[in-house]
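Please read its points alongside the sequence and the model.

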Amino acid sequence: MAVAETQLYAKVSNKHRSKSTSVLLESLLAKGFTAHIALKALAATGQKTIEDAAKWLHSHCNDPSLDDPIPQEYALYLCPTGRLHNHLQEFWKESKRQCGKNRAHEIFPHITLCDFFTCEDQKVELLYDTLKKVGDSFSQCFPPSISLSLHSSTSYLGFFIGDSHANILKEFALAFSSEASSLADCQVKPCLKQLHLTLAHKFYPHHQKTLEQLAKCINPGETCQWVAALYSRDMRFVHYQTLRALFQYKPQNIDELMINAGDFIYVDPTQQSDVSEGWVIGTSHRTGCRGFLPENYTERANESDTWVKHREYVFATASRFSTQTENEPNVKLNGEVHNPNMSRSVTHVLSLQNATLRRGVLVMHHGERVDQVFGKSWLQQCLTSDGKYYRADLNLPSTLPKRKDSVKHFEYDPPLSCCGIFQSRLIGEALLDQEVTVSYVYSSPALRCIQTAQHVLQGLKLDQKVKIRVEPGLFEWTKWEASRVIPNFMTLTELAAASYKIDTSYRGTFPLSSLVPSESYEEYISRTSAVIKQIVTACPSKGVILIVGHGSSLASFTRPLIGLPARDSSNFAEVVRKIPSLGMCFCEELKEENKWQMVNPPVKTLTHGANAAFNWRNGIVED
């Protein structure tokens, strides 16, 4: 874009394209809304259109806080657009895929000019005037390009702004702060410390090198139009988690929350301890109502997903060529000059990294077990007076495997439900679709885990090629066993006779006789750390090692592999409780660096709702 065209675009963009607050307010007042509620709706929607504000008011008609005089919080950010923004977004995506989510992913790429401050609803338009006035006064001296140098530490990665350019940005922030304080009576604090554009924050130290490699693909000299943008958020939910609804949920009880797909829900983590398993209590961003909702209907969203952009000021900057020249800025990583090749991309680095990957470890929670649905007394519901098993519900298995000892041992070593079998096969088919090569399969001795492994292999079409290695050391924390003794598992001979594809020649690294009832947390962690190391050592070939275990397995077998300490025992149960059937974690080996890293699993999650037992008499023919 030529300089003249860029300046023209900036002038057009910086004009107020929406009606003034007074016109919008008068329209809402004419509809019968009170002034303070109308102003609240305008502030919550960015004061853009009558339609947005009226829709917000309609959605919040049952909001118990509608009359509360709680203002929004506002922040002023400098945001990149154009090709630089596209490369930053690509970095966001790949860093999340390879290293998991960190704090930087919660917000879009930006430089903070003024951190969050409050402003009364009736004075928000004065902030818009302030942004326009200060922007115009700095438009001629705003730098045509902003100097960015890459800095890294064990918990932070980002671009630092060069001193000369940072000084101009600080002056701009200070001018906005002073003008807003004077006009709108706001206490605005400008950022006067080291200005920066964060790429990653609060990540695991062993991910630092991977993040640095990805960051070096970003050329800070890329074409960029910088925009000063004013955002707002609801100050009541600053320290809450934000969830996004995946499906619609219609309340079954008066204390439950109505949600639509795409809704955002604010959840206070400190208020969930007394909530029933599988549920959360939260407040709808769309309606302001509060209630219970099923947790598996949601996914984690980003903190900034609920923020509202109010106004922006586009700075006219000089056009830059997209090819590397001698005069283009180099990337400095902690003082070391790095000359980025413009043809390199994050995707290119990703393909190079994948070429060095040799093995993967997929740790999987077993499928739905019968006692999870029918309770601990499930077996009693299925035994005739002479002790024979019969199928009391279609979700119960049609038959039980034959074992020499009493059928009552299934009470403490329960099988999968029919839904659990379906879940497992579905995951196997999804792995097949993604062309995941499973070379080894290990399973806990629990029947539900062996069945899960079998049906995953059937979905993968590998049940005739890969055999299951039953490893006693993969059993869950024995302190959680209700019987306070180690369950009487089926023998390898019995399992093979029941047509399970068992590797009968395999001898476990941790003998079944070594499992200690009610073991301490330290004993459990010691066992799992030793077992995962021995499994990885015993499987040198390329491909994926599938480990089918319990909810506790996901943390206990992956954290030592990627070099993380064990979770604190005080919140271990709470973490495990939230892991659903067939939940999984995936680790990849970086052989050249002699380490493992956790990345996204190769298949998507499996989500479904509950289906209660039904008696046709109740409500159909009887009152």
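**Note on the predicted model**

1. The secondary structure of the protein chain consists of 16 helices and 20 strands. The model is a predicted one. Of the 623 residues in the protein chain, 50% count as buried.

2. The protein chain has a mean pLDDT of 86, with 89% of its residues at 70 or more.

3. Contacts in the protein chain between residues at least 6 apart in sequence join residues at least 24 apart in 77% of cases. The accessible surface amounts to about 30200 Å², and carbon and sulfur atoms account for 52% of that area.

4. The largest nonpolar core holds 52 residues, and Leu78, Leu127, Phe176 and Leu199 touch the most other members. Leaving aside residues up to four places away in sequence, Leu127 touches Tyr74, Phe117, Cys119, Phe176, Ala180, Ala184, Cys186 and Leu230. Another core lies apart from it and has 43 residues, including Val436, Leu447, Val548 and Val603.

5. Helix α14 covers residues 521-538, and its 18 residues should span 26 Å at 1.5 Å a residue; the end C-alpha atoms are 26 Å apart, which agrees. Among the buried residues of α14 are Tyr521, Tyr524, Ile525, Thr528, Ile532 and Ile535, and Arg527 is also buried. An α-helix has 3.6 residues a turn, so residues three or four places apart point the same way.

Methods: Residues are numbered from 1 along each chain as its sequence is written. This is a predicted model: local features need pLDDT of at least 70, side-chain atom pairs count only at pLDDT 80 or more; totals for chains, interfaces and linings use all residues. Side-chain values use heavy atoms; hydrogens and water are left out. A nonpolar core is a set of buried Ala, Val, Leu, Ile, Met, Phe, Trp, Tyr and Cys residues joined through side-chain atoms within 4.5 Å. Buried means under 20% relative accessible area, exposed over 50%, partly exposed in between (1.4 Å probe, protein chains only). Contact means heavy atoms within 4.5 Å. pLDDT is the predictor's confidence in each residue, from 0 to 100. Helices (H or I, at least four residues) and strands (E, at least two) are DSSP runs, numbered from the N terminus. The expected span of a helix is 1.5 Å times one less than its number of residues. Accessible areas come from the Shrake-Rupley method with a 1.4 Å probe; for residues, only the protein chains shown count as cover.
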